[in-house]
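Please look through the model shown here before reading on.

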Amino acid sequence: MIDLKLLHHALTLARYRNFARAAEALDLSQPALSRSISGLETDLGVQLFSRTRQGVEPTAFGERLLSRGGKLLTDCAELERELALMQGLELGVLRLGAGPYAADMCVGPALGRLTSRHPRLRIELNTGDWRWILEEILLRRLDLAVVELSVAEQDPRLHTEALPRHGAVFYCRAGHPLLREAAPTIEQVFAFPFVCTKLPARAAQLFYRLAKTGVIDPDTGDYLPPIKVDTIALAKAIVLKSDAIALAPLGLIAGEVESGELVALPFEEAWLHTRYGFVHLKDRALSPACHAFVAEARVVEAERAEAERRISARAA
């Protein structure tokens, strides 16, 4: 019988080819990892790794084990997940990913409501770059994500469902020099430092031509602003203490706009909008917890859209 924990240790060692780095990744001591590998070799009666001064290399036996071992661990994890699904919502685990706009617009509020109704539910939320999150979905490390759809829609392995679009606005701090202009032009907007999260390739070229600042990522085609941040909260913090200009859906700055700390600039473009939605693997059933989260997120999105309509009506 192969101990799956020892198999996981062997796969990690094969990835790093170094005991010290593999032990660090596993949060083990180096002697403990060495004992683990030796124990697996003893159980199997074969040598799995050749020890060298440079590190380790899998033997022929090791290569065979490793070629099959990854699928064994994945199948085991899937079996555990399916058994957990059968236990229902209260004992489940919800593993989510979210892009920066979606995290603040709907994922956070939806998870708050879900937690209040199901306090025993375990939740793991990963936020950040949507391309990395999609890789985690494909690797089955996340159950569901709410991210930019333009990349996900190109992958036949993924199921996508769009959520409502939210128009984005440029904003600045109260008292900003740009507010002396009744109708600032895009050139005047980008005469000041610009802070934002990275923007998807679908809008990158057009945005870059207008901004004439920042760069286009040569590998992904995404737009990288001159001051790149990973969260809307960081962008707002920078804007509040400087002459920087930022971009965000109106709903994410509504509180600061109503309090007078921030000002939404009277400059709008139809192509400046969010385009995120739900993403998950087509061949993987969603858990009861995922379905419950999706329902909450849809309600939050509807409320956001209505609030944005009210704010826009007051501004007009």
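What follows is a set of questions and answers about this predicted model.

Residues are numbered from 1 along each chain as its sequence is written. In this predicted model, local features need pLDDT of at least 70 and side-chain atom pairs count only at pLDDT 80 or more, while totals for chains, interfaces and linings use all residues, and side-chain values use heavy atoms, with hydrogens and water left out.

Q: In what order do the strands of the sheet that holds β7 and β12 stand?
A: Strands here are DSSP runs of E with at least two residues, helices are runs of H or I with at least four, and both are numbered from the N terminus. Two strands pair if DSSP finds at least two bridges between them; β7 and β12 are antiparallel over 4 bridges, and β8 (residues 194-196) joins β12 in parallel through 2 bridges. The sheet is open, with 5 strands and mixed pairing, and its order is β11-β8-β12-β7-β13.

Q: Why is one side of β11 and of β13 left without a neighbour in the sheet?
A: Strand β7 is joined to β13 (residues 262-264) by 3 bridges in the antiparallel sense, with Arg173 opposite Leu262. Both β11 (227-228) and β13 stand at the edges of the sheet, so one side of each has no neighbour there, because each has a single partner strand.

Q: How many of the 6 residues of β7 are buried?
A: A residue is called buried under 20% relative accessible area, exposed over 50% and partly exposed in between, with a 1.4 Å probe and protein chains only. Strand β7 (residues 168-173), in which Tyr171 has Ala246 of β12 as its bridge partner, is largely enclosed by the rest of the structure, because the number of its residues that are buried is 5.

Q: At what angle to β7 does α10 run?
A: Helix α10 (residues 232-240) includes Ile232, and the helix lies across β7, β8, β11, β12 and β13. Axes are lines fitted to C-alpha atoms, for helices over the stretch in contact (heavy atoms within 4.5 Å). Angles run from 0 to 180 degrees between N-to-C directions, and here the angle is about 40 degrees.

Q: Is Ile232 buried or exposed?
A: Leaving aside neighbours within four places in sequence, Ile232 is in contact with residues including Tyr101, Tyr171 and Ala248. With a relative accessible area of 4%, Ile232 is buried.

Q: Which strands does α5 touch where it packs on the other sheet?
A: That open sheet of 5 strands has mixed pairing in the order β4-β3-β5-β14-β6, and its edge strands are β4 (122-127) and β6 (158-162). Within it, β3 (residues 93-98) runs parallel to β5 with 3 bridges, and Leu96 stands opposite Leu144. The direction of α5 makes about 160 degrees with that of β3, and the strands it touches are β3, β4, β5 and β14 (276-281).

Q: How much space lies in the largest cavity?
A: On a 1 Å grid over the protein atoms alone, a cavity is a set of points where a 1.4 Å probe fits but cannot get out, and lining residues have an atom within 4 Å of a point. Points are joined across faces, edges and corners, and a volume is the space filled by probe spheres set on them. The count is 1 cavity of 30 Å³ or more, and the space in the largest is about 280 Å³.

Q: Which residues of its lining are closest to the centre of the largest cavity?
A: Elements that give two or more residues to the lining are α5 (100-117), β5 (144-148), α9 (201-211) and β12 (245-249). Of the 24 lining residues, the closest to the centre are Tyr101, Glu148, Pro200, Arg202 and Thr274.

Terms used. On a 1 Å grid over the protein atoms alone, a cavity is a set of points where a 1.4 Å probe fits but cannot get out, and a pocket is an open set with protein on both sides within 12 Å along at least five of seven lines; lining residues have an atom within 4 Å of a point.
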